[in-house]
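Subject: Structure handover

Hello,

Here is the structure for you to open. My notes on it follow below.

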Amino acid sequence: MLLVIGEALVDVLSGGISAPEAYVGGSPMNVAVGLARLGHSVGFVGQYGQDEYGDMIHRHLRDNSVVELAPRTERETSTAKGQLDPAGSATYSFDISWDLQPLEGEAATALEEAQVLHVGSIGSFLDPGAAAVIDAVERARGHATISYDPNVRSALIDDKDAAIAKIEHIVSMSDVVRASDSDLEWLYPDRDARDTAKAWRELGAALVCVTYGSGGPWAVVAGGEARANAVAVEVEDTVGAGDSFMSALISALVERELVGAAQRDKLRAIDSNTVNDVIDFAAKAAAITVSRAGANPPYRREIS
């Protein structure tokens, strides 16, 4: 099983020609659904309430065959209000709580058995729950591939230096990292995104990928650099594009038998041609997502 830990919430998007629309979201949850649609067995640990929005999340996970490994909470389900600009990009304000506890029971068993653990976004830096995410990474590192997408939400970060330290700590324990160019520009405004990717690889990651929206993704590994072209599509909105990219990136590595701690040396030796194929596949998945509303990742059959 592949395991994903992080926030699940509901995106309420406005700014288009119609009334605000509510979509199930949260970067880690989107990654879990994306992996399931690509044919993988996936478990998800998150937090959402027993309210109407929580029901939406529960149905979405169930309908996509994602195994829910944490009980629903007594709190209201978190929301993200997104304002779309003319290009389809969203600016968010959040109403969110995150107090995940260290994994136990069924979730702990899934952690012990996972080939891949994916973490990221709000769940990886928002206290107090971030501590449980870091604990899970430390517990899984000995047997699983760790993938990470910081998916920075600056509106929720009060102490930038502390957030950077937390992000870099997780990067140092990760094997596969994706970040957008806008994430890296906010984190390190005086450093080129490529230089940051190389610095993160030196921290410990085997593969670091930077996505540039319509500019296409770029990646660095020990064997060199790779770049893939973005796929030209008519953009509905860009919500969930990076999450679909992340799901497809993980999926492509699973299919090439490059996951699990036993394959860590093999992953570190991956060549740039293979990386190019992997990120090209991921770019195709992201392109399908931006062609439709909300975080709606593709099924395997949709990616040629």
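Start with Arg194, which lies over the face of Trp218, 5.0 Å from the ring centre. A charge counts as sitting over a ring if NZ of Lys or CZ of Arg is within 6 Å of the ring centre and within 35 degrees of the ring normal. Arg191 also has its charged end over a ring, that of Tyr188, at 4.3 Å from the centre.

Some ground rules. This is a predicted model: local features need pLDDT of at least 70, side-chain atom pairs count only at pLDDT 80 or more, and totals for chains, interfaces and linings use all residues. Residues are numbered from 1 along each chain as its sequence is written, and side-chain values use heavy atoms, with hydrogens and water left out.

**The aromatic pair**

The structure holds one aromatic pair. Tyr188 lies in the loop between helix H7 (181–187) and helix H8 (193–203), and Trp200 in H8, so the pair ties together parts that are twelve residues apart in sequence. For the terms: rings of Phe, Tyr and Trp (its six-membered ring) pair if their centres lie within 6.5 Å; planes under 30 degrees apart count as stacked, over 60 as edge-to-face and the rest as tilted. Helices (H or I, at least four residues) and strands (E, at least two) are DSSP runs, numbered from the N terminus.

Both partners are buried: Tyr188 has 11% relative accessibility, and Trp200 has a relative accessible area of 1%. Buried means under 20% relative accessible area, exposed over 50%, partly exposed in between (1.4 Å probe, protein chains only).

**Helix H2**

H2 covers residues 52–63. The expected span is 1.5 Å times one less than the number of residues. Gly54, Met56, Ile57, His60 and Leu61 are buried in H2. Seen down the axis, they fall within an arc of 155 degrees, so they line one face of the helix. The arc is that of the directions from the helix axis to the C-beta atoms. Exposed Glu52 and Asp63 are on the face turned away from the buried side. Cover for the buried residues includes helix H1 (27–37) and strand S2 (9–14). Contact here means heavy atoms within 4.5 Å. After H2 comes Ser65, with a positive phi near 65 degrees.

**Cores**

The largest nonpolar core has 55 residues; Leu3, Ile5, Val45, Leu117 and Trp200 touch the most other members. A second, separate core of 50 residues includes Val24 and Val221. A nonpolar core is a set of buried Ala, Val, Leu, Ile, Met, Phe, Trp, Tyr and Cys residues joined through side-chain atoms within 4.5 Å.

**Two buried loop residues**

Asp175 lies in the loop between helix H6 (160–173) and strand S10 (176–180). Its relative accessible area is 1%, so Asp175 is buried. Leaving out residues up to four places away in sequence, Asp175 touches Arg141, Arg264 and Arg268, among others.

Ser78 sits in the loop between S5 and strand S6 (79–84). Ser78 counts as buried at 4% relative accessibility. Its contacts, leaving aside neighbours within four places in sequence, include Ala8, Asp95 and Ser97.

Best wishes
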